[in-house]
Amino acid sequence: MDNGGLMKNLTPTQIVKELDKYIIGQNDAKRAVAIALRNRWRRQQVEEGIKEEIMPNNIILIGPTGVGKTEIARRLAKLSGAPFIKVEASKYTEVGYVGRDVESMVRDLTELAVTMVRSEKTVSVQEKAERMAEEKILDQLIPPIKKSSTGDENGENEEIQNEKTREWMREKLRNGELDDRMIEFDITSPAFGMQVLGPMGMDDMSMNLQEMFSSMIPKKKKKRKTAIKEARKIIAQEEAEKLIDMEAVQKEAIKRVQESGIVFIDEIDKIAGAKSQQGPDVSREGVQRDLLPIVEGSTVNTKYGPVKTDHVLFIASGAFHVSKPSDLIPELQGRFPIRVELKSLTEEDFIKILTLPQNALLKQYTALLQTEGVAIKFTDSAIKEVAKTAALVNDQVENIGARRLHTILTTLLEDILFEVPDKMPKSEVEISGEMVNSKLDKIVRNRDLSKYIL
Ligand SMILES: Nc1ncnc2c1ncn2[C@@H]1O[C@H](COP(=O)(O)OP(=O)(O)OP(=O)(O)O)[C@@H](O)[C@H]1O
Ligand SMILES: [Mg+2]
């Protein structure tokens with residue numbers, strides 16, 4: 001994929017428009033991420049010299065749970081085509097403690113970029129690889145005759161005949177007539193199944209051991225027997241691998257990480273604030289300190305080579321219920337200069353969330369039931385009631401944002417989902433406002449009940 005070309009069309013307005021297809025409201029957050037993403041591209045167009053000076057504007061998304069923070073990041077990554085990784089800040093531990101150190105996020109991102117570039121390259125050599133696979137299978141079915149050097153007539157005739165038969169066979173192979181025929185062929189079996197676990201918390205160590213062991217085990221040829229249809233795929237894949245220049249792939253992957261990588265650090269609020277009172281004695285502040293150089297820009301060693309993080313974009317996110325952004329150590333706060341607040345969702349938002357996004361919940365349930373031949377419809381008043389109930393329960397019990405819609409809909413539709421298709425064969429179902437009320441009202445009015453069910 002030509003990343004530059006893709007980004008060229010993704011102007012900030014365009015990015016927001018794309019995000020609008022999935023996320024309702026939260027315009028400030030959408031604008032901030034759109035600008036950050038576009039700035040990356042702009043920077044790449046700037047001439048060398050000043051280019052190196054332009055640092056990414058890392059962002060903190062602040063907002064209650066379930067209002068779209070993670071969703072925005074996820075969609076952003078999809079549309080930018082940039083290497084993107086989402087990590088949970090709370091998963092990391094300070095260097096020296098048991099657990100994953102923060103540098104591993106850069107290693108994971110690089111790994112991901114390598115996979116990404118490799119699959120792109122695979123696509124580009126696919127056609128050639130498939131042709132080679134076809135040739136190999138053909139050789140197996142009708143071995144080619146060696147060109148006769150003597151030039152005697154019999155030999156030549158035989159050659160022509162052989163060539164003809166091969167072409168006839170190739171035809172059959174191509175239109176799938178031989179798909180089910182079994183064939184035996186050689187494959188290079190990879191040194192699989194060797195998972196080497198280094199001492200815990202020492203990612204580098206286990207990484208190197210892994211490398212060492214897999215290079216020690218000699219790759220050997222193995223015979224395999226499958227149907228031709230399957231064999232084509234396996235051989236083509238092997239040929240494709242041979243055609244790909246892994247060194248170039250790694251170089252390109254590292255370049256992409258360095259120039260357009262995005263790390264989304266979720267739950268950053270969980271590492272803010274005072275030292276944890278319970279649990280293992282792992283200093284949150286320590287994790288923050290370990291994060292500093294990575295966010296600021298440093299070089300992380302990966303198995304593909306050193307990766308510089310200076311221009312990697314970091315987007316952090318957190319609910320900040322208990323702690324506040326100002327509870328983060330000042331140095332880290334300074335490295336996330338852009339703060340955006342996401343708003344609590346209202347009843348009106350819920351109505352839109354239920355119906356508008358491309359992956360809207362009601363669309364999901366409609367599609368699910370359609371597979372059983374049941375056409376489900378929600379009247380406007382039903383949608384309004386669901387939204388109203390969600391807002392009410394969020395208000396009374398606990399605000400879990402749009403996630404409340406999930407719990408309410410599963411409760412509302414449980415009977416239908418269970419009874420289809422046995423008791424409710426192909427049919428049309430209309431959910432009305434009254435039905436929503438009669439189903440949910442009792443639960444909503446009983447606070448204890450709604451705590452558990454909704
Ligand atoms: N503004 C929104 N528009 C559409 N869908 C939304 C919106 N906000 C949340 N959702 C839906 O709600 C669910 C949870 O949202 P998301 O994962 O983004 O929450 P979050 O803000 O990251 O919360 P947390 O702080 O708990 O991680 C997702 O399925 C998402 O699609
Ligand atoms: Mg989240």
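Helices α5 and α9 (residues 246–260) pack at an angle of about 125°, with their axes 8 Å apart. That makes α5 oblique to α9, because angles under 35 degrees count as roughly parallel, over 145 as roughly antiparallel, 65 to 115 as roughly perpendicular and the rest as oblique. This is a predicted model, where local features need pLDDT of at least 70, side-chain atom pairs count only at pLDDT 80 or more, and totals for chains, interfaces and linings use all residues. Residues are numbered from 1 along each chain as its sequence is written, while chains are lettered from A and ligands numbered from 1 in the order in which they are written.

**A few terms**

- Helices (H or I, at least four residues) and strands (E, at least two) are DSSP runs, numbered from the N terminus.
- Axes are lines fitted to C-alpha atoms, for helices over the stretch in contact, and angles run from 0 to 180 degrees between N-to-C directions.

**Helix α5 against α9**

- The crossing of these two, α5 and α9, is right-handed (a crossing is left-handed if the near helix is turned anticlockwise from the far one by less than a right angle, and right-handed if clockwise).
- On the α5 side, the residues in contact include L109, A113 and V117, and on the α9 side they include V249, A253 and V257 (contact means that C-beta atoms, placed from the backbone, lie within 7 Å).
- Sorted by type, the residues of the contact of α5 with α9 come out as eight nonpolar, two polar and four charged (Ala, Val, Leu, Ile, Met, Phe, Trp, Tyr, Cys and Pro count as nonpolar, Asp, Glu, Lys and Arg as charged, and the others, Gly among them, as polar).

**Helix α3 against α4**

- The axes of α3 (residues 27–45) and α4 (residues 69–80) come within 11 Å and cross at roughly 35°.
- This crossing of α3 and α4 is right-handed too.
- A29, K30, V33 and L37 from α3 meet I72, L76 and S80 from α4, a set that splits into five nonpolar, one polar and one charged.

**The sheet and the helices across it**

- Look for an open sheet of five strands in the order β2-β5-β8-β1-β9, with parallel pairing (two strands pair if DSSP finds at least two bridges between them).
- β2 (84–88) and β9 (338–341) are the edge strands, each pairing on one side only.
- From one strand to the next, the twist averages 20°.
- Five bridges link β2 to β5 (residues 262–266) in the parallel sense, and I85 has V263 in β5 as its bridge partner.
- α4 lies across β1 (59–62), β2, β5 and β8 (313–318), running at about 155° to β8.
- α5 (residues 104–141) lies across β2 and β5, at about 150° to β2.

**A hairpin**

- β6 (residues 299–302) and β7 (residues 305–308) run antiparallel, joined by four bridges.
- Two residues sit between β6 and β7 in this hairpin, and N301 has P306 in β7 as its bridge partner.

**Around ligand 1**

- Ligand 1 is surrounded by 18 residues, the closest being T65, G68, K69, T70 and A402 (a residue is near a molecule if its C-beta atom, placed from the backbone, lies within 6 Å of it).
- α4 gives the most to this shell, with three residues.
- The shell around ligand 1 has seven nonpolar, eight polar and three charged residues.

- The peptide bond from V420 to P421 is cis, with omega near 5°, and P421 is in the loop between α15 (403–419) and β11 (427–431).
- Q26 has a positive phi of about 55° although it is not a glycine, and Q26 lies in the loop between α2 (12–20) and α3.

Note on methods:
Contact = placed C-beta atoms within 7 Å.
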